[in-house]
Amino acid sequence: MELDPDDVFRDEDEDPESEFFQEKEASKEFVVYLIDASPKMLNTTCLSEDDKQESHFHIAVSCIAQSLKSHIINRSNDEIAICFFNTREKKNLQDLNAVYVFNVPEREPIDRPTARLIKDFHLIQESFVKHIGSQNGIVSDSRENSLYSALWVAQALLRKGSSKTADKRIFLFTNEDDPFGSMRISVKEDMTRTTLQRAKDAQDLGISIELLPLSHPDKQFDITLFYKDLIGLNSDELTEFMPSVGQKLEDMKDQLKKRVLARRIAKRITFVICDGLSIELNGYALLRPAIPGTITWLDSTTNLPIKVERSYICTDTGAIMQEPIQRIQPYKNQDVTFTTEELSHLKKISTGHLRLLGFKPLSCLKDYHNMKPSTFLYPSDKEVIGSTRAFIALHRSMLQLGRFAVAFYGGTTPPRMVALVAQDEIESDGGQVEPPGMNMIYLPYANDMRDIEELHSKPGVAVPRASDEQLNKASALMRRLELKDFTVCQFANPALQKHYAILQAIALDEDAVRETRDETLPDEEGMNRPTVVKAIEEFKQSIFGDDSDEESDSGPKEKTRKRKAGIADGNYDFIELAKTGKLKDLTVVELKTYLTANNLSVVGKKEVLINRILTHIGK
């Protein structure tokens with residue numbers, strides 16, 4: 001097989017055989033939703049944002065249904081399970097009373113979310129009382145403990161997958177803050193002890209338990225009665241955790257989305273500080289491009305994903321080749337053979353992912369050195385004990401001395417010089433705003449740094465510069481149009497929102513496509529404010545002079561169009577160039593300048609553009 005140079009130098013993100021690619025695919029989340037289905041959940045109601053009475057059970061179901069729709073878009077490889085407890089019927093592998101695992105045909109109890117699951121679960125309230133039922137699974141006259149059983153069932157469901165490559169979570173919905181409050185003291189102590197031990201056993205296996213409490217209209221959920229110990233909250237975290245009594249349904253949905261979409265480790269990096277000393281770091285992607293999901297090919301009869309298998313057949317004998325495939329690269333009339341292992345060694349530039357080279361003052365790092373989204377680094381003692389302690393010492397020293405670290409980042413990726421900038425912790429009254437750690441900034445190569453003036457200047461022609469008045473007017477305009485407290489999360493990609501709305505309508509057999517609002521369109525009301533209009537007019541006046549306000553019925557005056565096209569400024573006389581046949585000496589960009597100024601199409605090759613200009617001039 002001939003060696004493909006593009007394949008050899010492919011980025012590690014695109015290489016299915018790379019360690020990072022396999023790790024990224026293996027990192028997933030297993031989630032079990034535990035929903036209290038006691039009569040108290042069905043009977044307790046509160047006002048929704050549209051002033052309608054909704055039960056706590058309806059709120060929990062709506063939150064999970066909305067979360068499943070987001071889950072199937074953002075992380076379709078994650079696997080989920082839905083489990084009710086305090087139910088009349090039972091359905092679980094352990095055959096425990098008052099626990100019902102909700103599922104649909106042709107799906108495992110914990111599996112990837114499907115359209116059928118979302119549709120059936122969204123309608124569960126209509127059939128819940130008839131087919132599943134509700135009852136108090138924790139009563140004083142019996143030793144039945146439905147909460148203990150529910151945690152046991154959830155733990156058994158989460159046995160799937162390895163805790164090293166997957167995050168395992170249990171989300172618990174309930175409005176009962178003291179589940180054993182009505183029992184005798186001896187029975188209450190025994191059930192509390194066994195339930196807390198069951199929760200601790202699950203947490204020891206790497207399963208995190210997160211509580212989503214629902215408060216009564218006249219009474220706030222008191223987490224200190226029981227659940228504080230179950231989820232492991234200390235006294236400092238209680239005030240931050242307690243939800244407000246008047247929390248609305250939409251706020252609950254947003255909270256659930258944020259908690260489900262946890263920050264996952266993008267890559268694990270070995271940081272070599274010096275020979276014989278290295279620590280382990282976890283890398284987190286702070287900013288990711290939002291793109292549609294990959295295409296999944298399905299079988300036309302079963303609608304199941306198709307597994308692609310590849311075999312190599314010998315061209316001489318037609319037999320299937322069992323030995324490892326060798327690749328060849330022609331070199332000086334000879335074929336040089338490579339094995340897969342040899343190619344792996346060739347692509348590996350450095351033995352360590354990240355190697356420290358030295359330190360420089362922070363003043364040496366400029367804003368324009370940041371060529372791509374940075375990676376946030378945080379230590380981990382999972383593989384290398386003591387990584388956190390060494391990282392903290394280095395982190396503190398860099399902050400005190402005002403230095404950033406210069407390092408070499410290699411491995412299977414294209415080699416890069418990176419800057420490690422220490423970030424201090426930022427806190428506010430509401431808790432932590434920014435965590436402590438380091439930002440790995442990818443530094444540019446020499447050819448990435450280009451002189452803008454040299455690019456746009458011509459020999460013997462001075463580079464045009466804005467006057468002080470133009471700069472002042474532009475600054476005033478930018479101040480008027482500045483967005484307060486701007487974050488990238490304020491605006492959603494309208495094309496993606498429309499794409500997912502269409503997919504949701506098709507998958508769930510919805511009659512209409514959910515309407516999406518384009519938040520990227522200009523704010524017409526804000527742009528028409530008198531102060532903004534005045535700033536725009538003053539800026540136009542400083543740039544174009546008095547000609548900026550003179551327009552004809554067909555658009556701006558011909559003088560302005562000619563200046564934009566470069567006809568009247570002495571650079572090019574397109575009419576003269578057309579007469580002498582020298583339009584072909586111009587570049588495509590220069591030709592498109594004339595076409596754009598005259599509202600003509602810029603599509604096509606150079607010959608097409610020239611003919612279009614000649615037609616417009618009248619030749």
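Predicted model: local features only at pLDDT ≥ 70, side-chain atom pairs only at ≥ 80, totals over all residues.
What is the handedness of the crossing of H15 and H18? The crossing is left-handed.

Start with the whole protein. Its secondary structure comprises 22 helices and 20 strands. There are 619 residues, and 35% of them count as buried. Now take the contacts with a separation of 6 or more. Residues 24 or more positions apart account for 65% of these.

S6 covers residues 166-174, and Ile170 lies in it. Ile170 has a relative accessibility of 0%, so this residue counts as buried. What does Ile170 touch, leaving aside residues up to four places away in sequence? The list is Val32, Leu34, Ala154, Leu158, Ile207, Ser208, Ile209 and Glu210. Phe30 is a further landmark for this residue. Ile170 and Phe30 are 140 residues apart along the chain. Their C-alpha atoms are separated by 8.6 Å.

Move on to helix H8, which spans residues 185-204 and contains Val187. Is Val187 buried or exposed? Val187 counts as buried, because its relative accessibility is 2%, under the 20% cut-off. Arg143 sits 44 residues from Val187 in sequence. In space, the two are 8.2 Å apart, C-alpha to C-alpha.

H8 also meets another helix. Helix H7 covers residues 146-157, and its axis comes within 9 Å of the axis of H8. The two axes cross at roughly 15 degrees. Angles under 35 degrees count as roughly parallel, so H7 and H8 are roughly parallel to each other. Their crossing is left-handed. On the H7 side, the contact is made by Leu147, Tyr148, Leu151, Trp152 and Gln155. On the H8 side, Thr194, Thr195, Arg198, Ala199, Asp201 and Ala202 take part. By class, the contact of H7 with H8 holds 6 nonpolar, 3 polar and 2 charged residues.

Now return to the opening pair. Helix H15 runs over residues 468-480, and helix H18 over residues 530-544. Their axes come within 9 Å and cross at roughly 155 degrees. Angles over 145 degrees count as roughly antiparallel, which is why H15 is described as roughly antiparallel to H18. H15 contributes Glu469, Gln470, Lys473, Ala474, Leu477 and Arg480 to the contact. H18 contributes Thr531, Val532, Ala535, Ile536, Glu538, Phe539, Ser542 and Ile543. The contact of H15 with H18 divides into 7 nonpolar, 3 polar and 4 charged residues.

Helix H21 covers residues 588-597, and helix H22 covers residues 606-617. Their axes are 10 Å apart and the packing angle is about 35 degrees. H21 passes H22 in a left-handed crossing. From H21, the contact uses Val588, Leu591, Lys592, Tyr594 and Leu595. From H22, it uses Lys606, Leu609, Ile610, Arg612, Ile613, His616 and Ile617. The contact of H21 with H22 has 8 nonpolar, 1 polar and 3 charged residues.

Next come the loops. Where is Ser380? Ser380 is in the loop between strand S13 (375-379) and helix H13 (387-401). Its relative accessible area is 11%, under the 20% cut-off, so Ser380 is buried. A polar atom of the Ser380 side chain lies 3.3 Å from the backbone nitrogen of Lys382. Not counting residues up to four places away in sequence, Ser380 touches Glu280, Asn282, Ser387 and Thr388.

Two other loops hold residues with a positive phi. Asp95 is found between strand S4 (79-85) and strand S5 (99-102). Its phi is near 55 degrees, a positive value in a residue other than glycine. Lys332 is found in the loop between strand S10 (327-331) and strand S11 (334-338). Phi of Lys332 is likewise positive, near 55 degrees, and this residue too is not glycine. Is Lys332 buried or exposed? Lys332 has a relative accessible area of 68%, over the 50% cut-off, so this residue is exposed.

Technical notes: Residues numbered from 1 in each chain as written. Heavy atoms only, no water. Axes fitted to C-alpha atoms, helices over the stretch in contact; angles between N-to-C directions. Helix = DSSP H or I, 4+ residues; strand = E, 2+ residues; numbered from the N terminus. Parallel < 35°, antiparallel > 145°, perpendicular 65-115°, else oblique. Left-handed = near helix turned anticlockwise from the far one by under 90°. Contact = heavy atoms within 4.5 Å. Nonpolar A, V, L, I, M, F, W, Y, C, P; charged D, E, K, R; others polar. Buried < 20%, exposed > 50% of the residue type's maximum accessible area, 1.4 Å probe, protein only. Polar contact = N/O pair within 3.5 Å; in protein donor to acceptor, adjacent residues only side chain to side chain.
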